[in-house]
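Trainee: I've got a model open on my screen and I'd like to go through it with you. Can we talk it over piece by piece?

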Amino acid sequence: MLERRELFPHVIEMNHQARRRFGCSVYLIHSGSEWALIDIGYEDTAEEIVEMIRQMDFPLAGCRYLIASHADVDHIQGFEKAHRLLSESSICGHPDAARLLKSRDRLMTYAEIPAQNISIHLPEITIDQTVSEGDRLKIGELELEVWHTPGHTIGQLAFRLGNLLFSGDNLFRDGCVGNIDAHHGSDIQKFIQSLTRIRDSDVEWLLPSHGPVFRKDSRMIQKTIDRLEGYQHMADFGTCAVDWPLLDQWEQELVDGIDPTKT
Ligand SMILES: [Zn+2]
């Protein structure tokens, strides 16, 4: 039997458990004989992760949920393989994630980035149970509270368990956020709302979908929010920005007949 390396009571993160990096964070939440996973990562590590779980003495039939934090291929590709081994479980995700997976949308899930020759297998994954804001997922004696936190993508979820927030791709320990990309359904204003909600909540720990867990620090989140506020007015973010003040200035200078070579 493998010794369980719990990060918090009832919570194991599989990269931390293995002491090496598989890919995205894979959280196992357990209570009694029941357990669930948030994300699984790529399919080439899915069987190994399930085998580790078996060796930690969790009954495979006790898996209630395979939960997609969102539909990005690096988080969910392994669900098809894992579900074959964990056939008692339901695959859960936001209705937007369910729609993207049902239509096998290769762009919105990052399976395909043509400009960079990235083309990754997106298996057929069916979300059996859609969950959204305010829903609760029971795992033994525990209840995960579902938060809808759009911004990185439309169907991004986070999950609260007591003083812990499984925070998805909302925020990472270095203050970075999940990438902002119009083709991925990113929305900076909604992102700021999601980060503000996390900042103002009384959760103590953030358990992100990439990188190590970290203590919630409102000042650090504020710095990130301020940066995103700036993005809303920068050409760097293209159609994700709400405006570009330089164009208004230019218009005024044109109307005023100002010669920019003479200022
Ligand atoms: Zn991600």
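This is a predicted model: local features need pLDDT of at least 70, side-chain atom pairs count only at pLDDT 80 or more; totals for chains, interfaces and linings use all residues.

Trainee: Good. How many residues are in the largest nonpolar core, and which of them touch the most other members?

Mentor: In general, nonpolar side chains tend to be buried together in soluble globular proteins. Here the largest nonpolar core has 65 residues. Those that touch the most other members are Tyr27, Ile29, Ala36, Leu37, Ile40, Leu66 and Phe159.

Trainee: Now strand E4. Is it largely enclosed or in the open?

Mentor: Strand E4 covers residues 34–38. Four of its five residues are buried, so E4 is largely enclosed by the rest of the structure.

Trainee: Which residue of E4 stands opposite Leu28?

Mentor: Strand E3 (residues 27–31) is joined to E4 by five bridges, and the two run antiparallel. They form a hairpin with two residues between them, and Gly32 in the turn has a positive phi of about 60°. Across that pairing, Leu28 stands opposite Leu37.

Trainee: And in E5, what is the bridge partner of Leu37?

Mentor: E4 and E5 run parallel, joined by four bridges. With H2, they make a right-handed β-α-β unit. In E5, Leu37 has as its bridge partner Leu66.

Trainee: One more step along: what is the bridge partner of Gly93 in E9?

Mentor: E6 pairs with strand E9 (residues 129–130) in the parallel sense too, over two bridges. The E9 residue bridged to Gly93 is Thr130.

Trainee: On to the loops. Why does Asp39 count as buried?

Mentor: Asp39 lies in the loop between strand E4 and helix H2 (46–55). Its phi is near 65°, a positive value in a residue other than glycine. The cut-off for buried is 20 or more other C-beta atoms within 10 Å. Asp39 counts as buried because its C-beta neighbours inside 10 Å number 25.

Trainee: What about Tyr110: what is its phi?

Mentor: Tyr110 is in the loop between helix H5 (95–102) and strand E7 (112–113). With 21 C-beta neighbours inside 10 Å, Tyr110 counts as buried. This is a residue other than glycine with a positive phi, near 65°.

Trainee: Which residues does Pro150 touch?

Mentor: Pro150 sits in the loop between strand E11 (142–148) and strand E12 (157–161). It counts as buried, with 21 C-beta neighbours inside 10 Å. Not counting residues up to four places away in sequence, Pro150 touches Gln156, Asp187, Lys190 and Ser194.

Trainee: Last stop, His233. How far apart in space are His233 and Pro245, C-alpha to C-alpha?

Mentor: His233 is in the loop between helix H7 (218–231) and H8, and is partly exposed, with 14 other C-beta atoms within 10 Å. Pro245 is one of the residues His233 touches. The two are 12 residues apart in sequence, and their C-alpha separation is 6.7 Å.

Trainee: And how many residues of helix H8 are buried?

Mentor: Helix H8 (residues 245–255) is followed by Gly257, which has a positive phi near 70°. H8 has 11 residues and lies largely in the open, because the number buried is zero.

Notes. Residues are numbered from 1 along each chain as its sequence is written. Two strands pair if DSSP finds at least two bridges between them. A residue is buried if 20 or more other C-beta atoms lie within 10 Å of its own, exposed if 12 or fewer, and partly exposed in between; C-beta atoms are placed from the backbone. A nonpolar core is a set of buried Ala, Val, Leu, Ile, Met, Phe, Trp, Tyr and Cys residues joined through C-beta atoms within 7 Å. Two residues are in contact if their C-beta atoms, placed from the backbone, lie within 7 Å. A crossover is right-handed if, with the strands pointing away from the viewer, the path from the first strand over the helix to the second runs clockwise.
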